[in-house]
Amino acid sequence: MAIRAKDGDEFDDMSWQYSAHLVPYLGILLLAMAISGALAVYTVVARSDVMDEPSVRAFVGLNAGCALWSGAYTLQILSVDLPTKRFWLSIAFVGSILVVVSLFAFAVAYSDNERWLTRRTLLAVTFVPAVGFVLHATQYRNLYERPLDTAVVDGFVVLDRTLGPAAIVTLLFMYGLVVVAAGFLLKTVYESQRVYRLQSIAVLIAVLVPFVPNIVWALGLGPMGNLDLTPVAFTVSGVVFAVAIYRHHLLDIAPVARTAVVEDMRDGFLVIDEAGRIRDSNAAARRIISGDEHSSIVGRDVTAVLPEIAPIVRTGASTGQTEIVVDGDDGRRFFDVQVQRPSTADEIRLLLLRDVTQQHAVEQRYQSLIENASDLITMVDDGGIIRYQSPSSTTVLGFEPSELVGRSAFELVHPDDREQIVEQFHGGLDAAIAIDRAEYRLRTADGEWRDVETIGSNLLDDPFVEGVVLNTRDITERKRREREIRRTNEQLEQFADVVSHDLRNPLNVARGYLELAGDDVDCAYHEDIALAHGRMEAIIEDVLRLAREGQPIDDTEPIDLVRVVDRAWTNVDTTEATRSVASDRPIVADEDRLVRLLENLFRNSVEHGSTSSRPQADDSVEHGSTSPASRAQQDAVERGSTNRSEPAGSEDAVEHGSETVHVRIGTTSDGFFVEDDGPGIPADERERVLEYGETSSPSGTGFGLAIVDQIADGHGWTLRITESEDGGARFEFDTDGTSGTATADREPTRESS
């Protein structure tokens with residue numbers, strides 16, 4: 001069977017036409033197919049690591065479409081019969097749709113607009129070309145083009161076709177997609193740095209080159225019966241794409257999200273080639289190198305503009321960090337430099353410069369604090385081996401730090417303390433952070449022993465420390481003072497015992513003779529002499545208390561305030577006085593000394609609060625003895641009110657009328673208080689009443705409140721004298737304080753019990 005063309009030439013059915021003068025044209029078509037197909041295969045096989053990138057997948061689709069279009073169009077040219085030509089024309093149509101849609105997707109993804117590549121968008125841009133293809137390939141092809149026929153031009157059978165309205169709409173829509181894609185690429189060219197701009201220009205050329213001959217074909221201006229030269233242009237596109245991949249690393253470095261991710265990064269970003277030339281940089285890197293983020297450093301040798309980085313670039317490190325120091329107009333700055341090679345591009349390196357100046361300053365500050373601290377800062381491992389020793393070891397122990405590093409921390413501990421310290425250290429390894437405080441002795445380089453106090457922190461699980469940090473303070477002088485105070489207190493107690501013993505003997509003799517004289521001689525002054533003897537006995541007892549109560553107290557326990565108040569109250573002759581206790585927490589104290597403190601306060605309240613007006617302090621009263629001149633005054637004050645049979649110095653309650661005192665005891669947020677509703681203590685006398693021998697009562701010794709102050713000081717409490725709500729005396733004890741100093745408030749504070 002044969003077919004006849006319009007000009008009358010006949011051709012065999014299902015034959016292929018061939019002519020020597022078409023060889024170059026057909027060769028270029030096949031070359032375009034080969035190049036495009038090779039690029040698609042190369043990307044899928046060799047660059048499978050980046051196939052999840054939308055731009056790379058679109059690139060594969062673009063080249064696959066070019067290969068399909070070129071190959072199908074070649075076979076359409078070579079075929080003779082109309083059905084065969086129509087078949088290959090349909091395949092080429094599919095290739096053209098794949099090219100246009102892939103080009104649009106590639107341009108959108110390449111220009112950092114991937115968010116637009118949704119399924120809905122891709123369906124929208126594919127819909128019109130797909131409808132055109134359906135019209136072209138079905139019985140509705142008359143809407144797309146005039147019924148196809150063949151014609152012979154220069155001895156070749158070519159298609160004779162006229163595009164219909166559907167074809168024009170489809171063609172214009174696809175041209176619109178190409179224009180949009182070109183717009184995205186032009187924007188990328190404008191916004192990119194040099195290395196990206198060259199890459200973007202190459203992509204733009206590869207896209208636009210086939211666009212021009214396709215317009216020529218659409219206008220019917222093609223040669224030899226309007227041959228389509230678009231597939232021929234794919235040869236140029238393929239070559240340009242290949243150059244972009246090889247020279248400009250199209251598949252390695254793409255300006256995706258560059259403005260948001262790279263240009264605006266706080267860290268410096270440099271792209272350098274194998275020769276060390278800068279191929280790209282961001283604003284942060286330009287500020288580091290030249291001080292001006294708008295200056296151009298592309299093309300310059302990185303070691304020339306940043307000499308400090310030369311050792312890193314020359315070693316060719318691919319990973320890891322190295323610190324460099326850069327001196328600039330704003331001072332010295334420190335940078336961590338990280339070097340990476342993107343994918344398989346061996347000739348391209350990415351340098352990230354992170355400014356760690358602030359971090360370095362903090363590290364230097366802490367290091368300076370540690371190195372200049374007077375305390376010993378030691379870091380040991382879980383075996384007690386010293387891994388770091390602060391320079392203070394030179395001044396404290398006489399050892400250089402290097403002499404101690406690598407040695408056991410227990411070598412210098414006194415043999416008598418070593419077992420306990422080793423046990424405490426290993427026990428502390430199970431603690432979360434803190435290790436109990438320890439006091440022991442350390443040997444110095446001169447062989448002497450120093451008393452030290454150590455507090456440890458278990459930081460073995462801290463990746464930045466991985467050790468136990470020991471803070472050791474020299475307490476040799478403190479220990480010496482404690483020993484001196486202890487010796488002084490012992491001597492004072494011994495002295496008080498001796499004095500009281502030596503005084504009691506003659507006092508007992510005097511009392512004996514007074515009793516004998518009372519039996520033989522009737523004298524009006526016997527009672528006064530007995531009173532003086534009683535005061536002397538009270539003074540002796542109080543002196544002993546003063547010697548004992550002021551000593552430091554180590555053995556304390558929580559004590560119920562109600563119980564200890566009852567105990568102290570029964571030890572005092574309170575006559576008709578009353579009391580009330582408001583306690584919401586126990587007091588940590590030595591119970592016996594707390595009882596004596598309360599006893600003295602109760603005596604003070606009963607003695608001075610059982611009358612509506614307290615006698616003022618009388619400096620003319622000699623403490624410890626009674627002169628004849630003052631005896632009459634004492635008689636006037638005490639006659640009828642003092643039980644002379646009891647020692648006046650005992651400070652028992654003295655009733656001065658019908659009024660009685662009420663004593664209130666309670667706790668506060670910081671401690672406890674004792675107050676009464678008596679006449680109170682004037683503000684200008686509150687400090688003086690704590691002095692030894694100070695009293696306004698002729699029967700008192702003046703040691704009661706001094707003993708209270710000593711007991712408070714022994715506990716480490718702070719004593720404050722103020723005024724109660726009822727105008728009486730109020731004694732407040734701050735048991736959380738660290739000082740035993742007594743103070744007197746000028747402005748009374750009021751607090752309900």
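Student: Is the crossing where α1 passes α2 left-handed or right-handed?

Tutor: Left-handed. Keep in mind that this is a predicted model.

Student: Okay, and at what angle do the axes of α1 and α2 cross?

Tutor: At roughly 155°, and the two axes come within 8 Å. Angles over 145 degrees count as roughly antiparallel, so α1 is roughly antiparallel to α2.

Student: Let's talk cores. How many residues are in the largest nonpolar core?

Tutor: It has 59 residues. Y25, L26, Y73, L185, V203, F241 and L250 have the most contacts inside it.

Student: Which helix gives the largest share of this core?

Tutor: That's α3, with 13 residues. Several helices supply at least two residues each, including α1 (23-46), α2 (54-78), α6 (165-191) and α10 (230-248).

Student: What is L250 in contact with, leaving aside its neighbours within four places in sequence?

Tutor: F59, Y110, Q199, V203, F241, A244 and I245. Of these, V203 and F241 are also listed with L250 among the residues with the most contacts inside the core.

Student: And what lies apart from that core?

Tutor: Another core, of 38 residues. Among them are A568, I587, V674 and F733.

Student: Switching to α8: which of its residues are buried?

Tutor: F211, P213, N214 and W217. They sit on the same side of α8, because they cover an arc of only 165° around the axis.

Notes:
Residues numbered from 1 in each chain as written. Predicted model: local features only at pLDDT ≥ 70, side-chain atom pairs only at ≥ 80, totals over all residues. Heavy atoms only, no water. Core = buried A, V, L, I, M, F, W, Y, C linked by side-chain atoms within 4.5 Å. Buried < 20%, exposed > 50% of the residue type's maximum accessible area, 1.4 Å probe, protein only. Helix = DSSP H or I, 4+ residues; strand = E, 2+ residues; numbered from the N terminus. Contact = heavy atoms within 4.5 Å. Arc of directions from axis to C-beta. Axes fitted to C-alpha atoms, helices over the stretch in contact; angles between N-to-C directions. Parallel < 35°, antiparallel > 145°, perpendicular 65-115°, else oblique. Left-handed = near helix turned anticlockwise from the far one by under 90°.
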